[in-house]
Amino acid sequence: MLDLFDAPALPGLTTRHDLISLTEERMLIDRIDATDLAPCRFQGWTGKRLTTSFGWSYDFEIGRPKDAPPIPDWLRPFRDRAASFAGLDTDALIQALLIRYDPGAGIGWHRDRPIYGHVLGISLGEPAVMRFRKRRADGFDRVSVPLDPRGGYHMTGPARHDWEHSIAPLTRPRWSITFRSLADRS
């Protein structure tokens, strides 16, 4: 999303409309629903959104990453497309997180775990708004960015590390695919 002067709505955030086609969206929704989705678990709390990971997974119960099944062949072309959109090497995207948000599901304020670097998403189904906030002395700076169906986003730099993000609960189903790289350890 750009403002009137073609500046990103938030430094380090890039969005793109129509990253995938309507036909691809329908196929991806069917494939996601056919995977072994399970409620998200976070330190003893069970979320309403359903998830599964490929490549790597983060176990919030034990507080560390763990191996997950390899990224399936049907998902690889979309990882390639997301990497191209972000200007990254495809092999840098080591995790694919599939999420289904049923009515009433959202995701609270958070930053992705520090082990991850770039965060890229593809939004499917119902439109949503990704909300961003950054603490200041007297409250928060806030930015809202629409997530259109079939569009993508890339978070790096300040958008990734300085701002928290969330998605309010929705009234209709939404799906997403999140690809992540490892953080640069140099």
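1. Leaving aside neighbours within four places in sequence, glycine 55 is in contact (heavy atoms within 4.5 Å) with Asp67, Ala68, Pro69, Pro70, Ile71 and Ile94. You'll find glycine 55 in the loop between β3 (45-54) and β4. Helices (H or I, at least four residues) and strands (E, at least two) are DSSP runs, numbered from the N terminus. Glycine 55 counts as buried because its relative accessibility is 18%; the cut-offs are under 20% relative accessible area for buried, over 50% for exposed and partly exposed in between, with a 1.4 Å probe and protein chains only. Look also at arginine 180: its C-alpha atom and that of glycine 55 are separated by 9.9 Å, although the two residues are 125 apart along the chain.

2. A word on what you're looking at. This is a predicted model, in which local features need pLDDT of at least 70 and side-chain atom pairs count only at pLDDT 80 or more, while totals for chains, interfaces and linings use all residues. Residues are numbered from 1 along each chain as its sequence is written, and side-chain values use heavy atoms, with hydrogens and water left out.

3. How confident is the predictor in the chain? The mean pLDDT (the predictor's confidence in each residue, from 0 to 100) is 89 for the chain, and 87% of the residues reach 70 or more.

4. For the overall picture, the chain has three helices and 13 strands. Of its 186 residues, 47% count as buried. Take the contacts between residues at least 6 apart in sequence: 73% of them join residues at least 24 apart.

5. Strand β3 also holds threonine 51. Is threonine 51 buried or exposed? Threonine 51 is buried, with a relative accessible area of 18%. Not counting residues up to four places away in sequence, threonine 51 touches Asp36, Leu37, Ala38 and Cys40, and also Leu97, Leu98 and Ile99.

6. Now to a sheet. Four strands form it in the order β7-β12-β9-β10; the sheet is open and the pairing is antiparallel. β7 (107-110) and β10 stand at the edges with a single partner strand each, so one side of each has no neighbour in the sheet. On average, neighbouring strands of this sheet are turned by 20° against each other, direction ignored; the axes behind that are lines fitted to C-alpha atoms (for helices, over the stretch in contact), and angles run from 0 to 180 degrees between N-to-C directions.

7. β9 (residues 128-136) and β10 (residues 139-147) pair antiparallel over nine bridges; two strands pair if DSSP finds at least two bridges between them. A hairpin of two residues joins β9 to β10. If you want to trace the pairing, lysine 134 stands opposite aspartate 141 in β10, and phenylalanine 132 has valine 143 of β10 as its bridge partner.

8. β9 also runs antiparallel to strand β12 (residues 164-167), joined by four bridges. Here, methionine 130 stands opposite isoleucine 167 of β12, and arginine 133 is opposite glutamate 164 of β12.

9. How many cavities of 30 Å³ or more does the structure hold? There is one. A cavity is a set of points, on a 1 Å grid over the protein atoms alone, where a 1.4 Å probe fits but cannot get out, and lining residues have an atom within 4 Å of a point. Grid points are joined across faces, edges and corners, and a volume is the space filled by probe spheres set on the points. About 80 Å³ of space lies in the largest cavity. Its lining is made up of Thr15, Arg16, His17, Ser123, Pro146, Leu147, Asp148, Gly151, Gly152 and Tyr153. β1 (13-16), β10 and β11 (152-155) each supply at least two residues of that lining.

10. Last, two backbone angles to check. Most residues other than glycine have a negative phi. Aspartate 18, in the loop between β1 and α1, has a positive phi, near 50°. Arginine 150 is not a glycine either, and its phi is positive at about 75°. Arginine 150 lies in the loop between β10 and β11 and is partly exposed, with a relative accessible area of 22%.

How values were computed
1 Å grid on protein atoms, 1.4 Å probe; cavity = no way out; pocket = protein on both sides within 12 Å on 5 of 7 lines; lining within 4 Å.
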